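Hi everyone, thanks for coming. I'd like to walk you through one structure today, so let me put it up on the screen.

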Amino acid sequence: MQAEAAAHVPALEAHWGGGAAPFGATWQKTMMWIFIVTDGLLFSGLLCGYGFLRHVSPVPWPRQSEVFSIPFIALMTFILITSSMTMGTAVTAARLGDRKRALNNLVFTIVGGLCFLGCQAYEWSHLIHEGARLTGNPWGPPQFTQAFFVLTGFHGSHVLSGLVILTITAIRASMGKTPAQGVEMAGLYWHFVDLVWVFIFTLFYLL
Amino acid sequence: MSETTGNPYRIYRITWVILLIITTAMLGAEAFHLPRIFLIVFLLAFMMVKATMIGGNFMHLRYEKPSLAVMVAAGILVTSLILYSFISRESHYIAQRLSQ
């Protein structure tokens with residue numbers, strides 16, 4: 001029994017060992033992941049707050065399909081998922097030294113992000129035109145539009161900052177100044193933005 | 001990264017297609033007005049599958065050390081569950097008081 005346990009030690013050490021790199025990653029990547037966890041907790045708090053507001057609302061929560069155009073939101077989701085695919089391709093191309101493919105896919109990702117932001121701007125302006133305000137709306141409790149503006153607003157601001165990061169990365173990559181790891185860090189952030197949208201799309205628009 | 005042995009970009013295309021299929025299934029479930037409890041379970045399960053695929057395949061967590069994947073998953077999920085469990089109890093209490 002003891003010998004069996006001892007045999008597992010090297011394997012456990014390989015997976016969980018500490019040392020200079022406890023996560024087996026560079027410090028840049030480790031810090032990026034820690035940032036992503038903390039930013040994820042921000043959205044987690046916002047989504048929990050949305051659940052709270054919805055549960056305590058004395059007025060029935062509006063049916064989302066009667067307020068939003070769900071096919072339009074699905075299009076936004078499609079755009080973001082596609083941009084994540086092109087971002088993943090850019091990261092791998094940068095790692096393999098295929099600069100042209102990396103740059104092309106970075107540009108595709110930026111275009112996808114711009115389309116997503118454009119769709120979000122259209123959705124906001126359309127709803128505001130129909131009477132959506134932080135203080136009230138025609139469909140139900142004011143908490144509904146408060147949650148909508150805060151959740152999608154925070155997410156949209158992350159998309160915007162992601163676009164700035166991607167644009168800088170693409171410009172530097174075109175000059176050969178961005179190492180593969182720089183593209184990977186930008187990619188991690190962009191995928192995180194996509195990941196957050198998965199939760200907002202399900203919990204706010206569909207449930 | 002093990003995907004470099006074959007077509008290194010294939011994993012992203014496969015993940016993309018699966019994510020689109022799952023998203024379409026979620027939209028279909030919402031459109032067909034499934035019973036509420038089924039809809040909740042169905043959507044939450046598919047949401048977690050999508051999140052796992054994005055984290056694992058797009059963010060390459062499946063190729064990282066388990067300690068990193070556990071730090072990320074536990075850091076976000078466990079903390080969120082703790083927060084939600086407290087908020088959920090509080091919201092039950094407030095909803096009861098408001099209905100009185």
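Predicted model: local features only at pLDDT ≥ 70, side-chain atom pairs only at ≥ 80, totals over all residues.

Residues are numbered from 1 along each chain as its sequence is written, and chains are lettered from A and ligands numbered from 1 in the order in which they are written.

Chain A has 7 helices and 0 strands, with helices being DSSP runs of H or I of at least four residues and strands runs of E of at least two, numbered from the N terminus.

What box do the C-alpha atoms of chain A fill? Along the principal axes, roughly 65 × 55 × 25 Å.

Now the partner. On chain A, 39 residues are in contact with 38 residues of chain B; contact means C-beta atoms, placed from the backbone, within 7 Å. Helix 1 (2-16), helix 2 (27-56), helix 4 (70-95) and helix 7 (180-206) of chain A each give at least two residues to that side. By class, the side of chain A touching chain B has 23 nonpolar, 15 polar and 1 charged residues. Here Ala, Val, Leu, Ile, Met, Phe, Trp, Tyr, Cys and Pro count as nonpolar, Asp, Glu, Lys and Arg as charged, and the others, Gly among them, as polar.

Technical notes. Contact = placed C-beta atoms within 7 Å.
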